[in-house]
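Have the viewer open and follow along.

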Amino acid sequence: MPQRKIIHVDCDCFYAAVEMRDDPSLREVPLAVGGAGGRGVVTTCNYKARAFGVRSAMPGSEARRLCPGLVTVPTDMARYQAASKQVMAILRELTDLVEPLSLDEAFLDVSEITDHKGSATLMARYLRERIRKEVGITVSAGVAPNKFLAKIASDWQKPDGLFVIRPEDVDSFVRALPVEKLFGVGQVTAAKLHALGVETCGDIQAVGPQVLVDRFGKQGYRLHEMAYGRDERPVVVSRIAKSVSVERTFSQDLPDRAACESVLAALVADLNRRLARKARQKPIHKLFVKVRYSDFSTHTLERVREQVSEPAETDYLPLFQELVGDKDRPVRLLGLGVRFRNDEAPVTQLRLFD
């Protein structure tokens, strides 16, 4: 079985990061999203607030006691969802094997991806940089041979960090790992493990599986597997793709229509690479183009093109020309994509607290 390459991407203090992005004055103060009023609860907070001991799900009154200078803002889910959608779109440009865990974190299986020299580390760097530039927030990423280790790795150098656990490093890494870092080990389970003289995963290995199963039941076996860094869970794609698209934000605005038309071929090539990666591609129903001008106004146009199986530049050029018309305006972003026929997407419940 080939070695898996898993990336876990986790936005840093996500809701607070969006608030600080949109109001730079909030970057210099301890900030909580939610928690105002007598019974309010903190949804998340920035790292300045965390330094005072403020945490997610903490009553606002306790947060203000710990941090008298705490600034609170109300939650704005529409803005957070819009930022999340941008982040997930960037992730899905790299691979379709994306498993969102909430608005602000996801697993990616990049085992078969050949972009970026096939290096999951280079892929993670690329994703972090694109999200920083295009969404305006920072993300931490973990790279590892499985989901369990990738999630631990993404938290290792937070915020704005990247940590890699190579297959040959797994054994030494987990042996020294405190049991508190293991999924499902809270204060109660940690206390029971400490009572057995267990502080690290190396200690769990020494205790052996039978003692753990006798003491903790099914969880004991999971503890044993995690202590060796084992996790065979696949990345589960809960979202059935209704569309595939690519877009590029340009560091310098494209000055006119001719400049835009000159980059269409490269965008179409990127799109077809993405389509080729889809194992079970559904029939194409529509083609669409998207233009964002220098004033940030955004326009899209889509047309039914069911006879197209592999889109070409000549398929998109008429749509682009119809969308932009005769006027030359500086263009900040250009995108194009396809929509599939007869798709139904399941609903995924998202966490409120990050």
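## Cavities, a pocket and a sheet

Helix H12 (257-277) and helix H13 each contribute at least two residues to the lining of the largest cavity. Please keep in mind that this is a predicted model.

The volume of this cavity is about 30 Å³, and the count of cavities of 30 Å³ or more comes to two. Its lining is made up of Arg 257, Cys 260, Tyr 293, Phe 320, Val 324, Lys 327, Asp 328, Arg 329 and Val 331. Sorted by class, that lining holds five nonpolar residues, four charged ones and no polar ones.

Now turn to the second largest pocket, which has a volume of about 1000 Å³. It is lined by 37 residues, and those closest to its centre are Glu 105, Lys 151, Ile 152, Lys 181 and Phe 183. Several elements supply at least two lining residues each: strands E1 (6-11), E5 (98-102) and E6 (105-109), together with helices H2 (47-50), H6 (147-154) and H11 (218-227). Helix H6 gives the largest share, with five residues. In this pocket the lining divides into 20 charged, 14 nonpolar and three polar residues.

| Void | Volume | Lining by class |
|---|---|---|
| Largest cavity | about 30 Å³ | five nonpolar, no polar, four charged residues |

Next comes a sheet. Four strands form an open sheet in the order E9-E12-E10-E11, and their pairing is antiparallel. Which strands stand at its edges? They are E9 (243-254) and E11 (298-304); each has a single partner strand, so one side of each lacks a neighbour in the sheet. On average, neighbouring strands here are turned by 10° against each other, with direction ignored.

Strand E10 (residues 284-293) pairs with E11 over seven bridges in the antiparallel sense.

Definitions and conventions: Residues are numbered from 1 along each chain as its sequence is written. This is a predicted model: local features need pLDDT of at least 70, side-chain atom pairs count only at pLDDT 80 or more; totals for chains, interfaces and linings use all residues. Side-chain values use heavy atoms; hydrogens and water are left out. On a 1 Å grid over the protein atoms alone, a cavity is a set of points where a 1.4 Å probe fits but cannot get out, and a pocket is an open set with protein on both sides within 12 Å along at least five of seven lines; lining residues have an atom within 4 Å of a point. Grid points are joined across faces, edges and corners, and a volume is the space filled by probe spheres set on the points. Ala, Val, Leu, Ile, Met, Phe, Trp, Tyr, Cys and Pro count as nonpolar, Asp, Glu, Lys and Arg as charged, and the others, Gly among them, as polar. Two strands pair if DSSP finds at least two bridges between them. Axes are lines fitted to C-alpha atoms, for helices over the stretch in contact, and angles run from 0 to 180 degrees between N-to-C directions.
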